[in-house]
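These entries record what I looked up in the structure. I took helix packing to begin with, then aromatic rings and the charges over them.

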Amino acid sequence: MSEKIVLTGIKPTGTPHLGNYVGALKPLIEMSKTNKTFMFIADLHALNIIRDPKLIKQHTYEIAASLMALGLDLENAVLFRQSDIVEVYQLATLLMNVTPKGLMNRAHSYKAAMDKNAAAGLDADAGVNMGLYTYPILMAADILLYGADEVPVGADQKQHVEFARDIAGYFNHIYGETFKMPEPVIGESTGIIPGLDGRKMSKSYDNIIPLFANASELKKKIMRIITDSKLPDEPKDPDTSTIFQLYRHFADSAEIDALRGKFTAGGMGYGTAKTILFEKIDSVLAAPRAEYERLMANTAEIDAVLDAGAARARESAAETFERVRRAMLG
Ligand code: TRP
């Protein structure tokens, strides 16, 4: 076990889908086998989008239950709700005072909101709340509060981790060495996980396959995957096929080679390929799905895990916050 501290947050804005599994959940579970990891459900970060507390709670359970059902190591990984640790709200308030407004103006997500407004002929800040604008400060508080060395994130979050470094640097410069410098770790690319229509799998495209859809729903979704119109006899291109691109994340290398061969040789229709894909995914996910369903029917068990995680997280948070408070306020 290495000594470094790994930390990441997952925003509870949707029911986990196969793209989340391949791109985030699976690599995080692997990482938890060998590293002390703080892993939290970033419910505070969902507040600038989701206004329904029931929905935030539901997605929080879904993410926690997914991680647990997929075998997250709960010894190494401290799994908790971001909002359970009051020190993070407090630290965010303190960090505001060393964070230049200009840094926030440069944030990709804020700029994207402004660009969208400009394109629609609206005021630059229409619909932008301070939760969105100060999002990177709250995220810096997350990262710095637990002394993270490494922050595994998707490429879209890299700038936020760099902002956390910037903010830590401003703070240390004024108040003396207080924070460690976190490093963003962008996992080796899993490539784009395509959804039903071939575009990136994303809730906003309405093309997802839920991670723990039951077998008949899973089958129905897979049968709806859009393909080109090649006939069964014709050779097919695995590299542009959504079916094959999903299959390669669930099968072993011999199976992947075998299916690739069937695509390029011709003689296999897309219907058959879809059945092969369904059977593979179903066999990999059947046992975790049963455990997921059991947990979702017993949310008290999920709460117990999240509460125990919060108790562990709080120790580290309280210690850091006290040091910061003293450094700033004497
Ligand atoms: N902003 C991240 C996302 O949207 C989630 C997140 C919140 C996070 N706090 C974090 C990720 C701290 C890493 C570290 O995906």
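At what angle do the axes of helix α4 and helix α8 cross? I worked from a predicted model. I found that the axes of α4 (residues 86-95) and α8 (residues 135-145) cross at roughly 115° and come within 8 Å. I noted the crossing as right-handed.

I then listed the residues that make this contact. Helix α4 contributes Glu87, Val88, Leu91, Ala92 and Leu95. From α8 come Ile137, Leu138, Ala140, Ala141, Asp142, Leu144 and Leu145. Sorted by class, the contact of α4 with α8 comprises ten nonpolar residues, two charged residues and no polar ones.

I turned next to the aromatic rings. The structure contains ten aromatic pairs.

Tyr175 counts as partly exposed because its relative accessibility is 32%.

I also recorded a cluster in which ring pairs link Phe38, Phe40, Phe80 and Tyr146.

Which charged residues lie over the faces of Tyr205 and Tyr270? Over the face of Tyr205 I found Arg199, at 4.0 Å from the ring centre. Over the face of Tyr270 I found Lys236, at 5.4 Å from the ring centre.

Methods: Residues are numbered from 1 along each chain as its sequence is written. This is a predicted model: local features need pLDDT of at least 70, side-chain atom pairs count only at pLDDT 80 or more; totals for chains, interfaces and linings use all residues. Side-chain values use heavy atoms; hydrogens and water are left out. Axes are lines fitted to C-alpha atoms, for helices over the stretch in contact, and angles run from 0 to 180 degrees between N-to-C directions. Helices (H or I, at least four residues) and strands (E, at least two) are DSSP runs, numbered from the N terminus. A crossing is left-handed if the near helix is turned anticlockwise from the far one by less than a right angle, and right-handed if clockwise. Contact means heavy atoms within 4.5 Å. Ala, Val, Leu, Ile, Met, Phe, Trp, Tyr, Cys and Pro count as nonpolar, Asp, Glu, Lys and Arg as charged, and the others, Gly among them, as polar. Rings of Phe, Tyr and Trp (its six-membered ring) pair if their centres lie within 6.5 Å; planes under 30 degrees apart count as stacked, over 60 as edge-to-face and the rest as tilted. Buried means under 20% relative accessible area, exposed over 50%, partly exposed in between (1.4 Å probe, protein chains only). A charge sits over a ring if NZ of Lys or CZ of Arg is within 6 Å of the ring centre and within 35 degrees of the ring normal.
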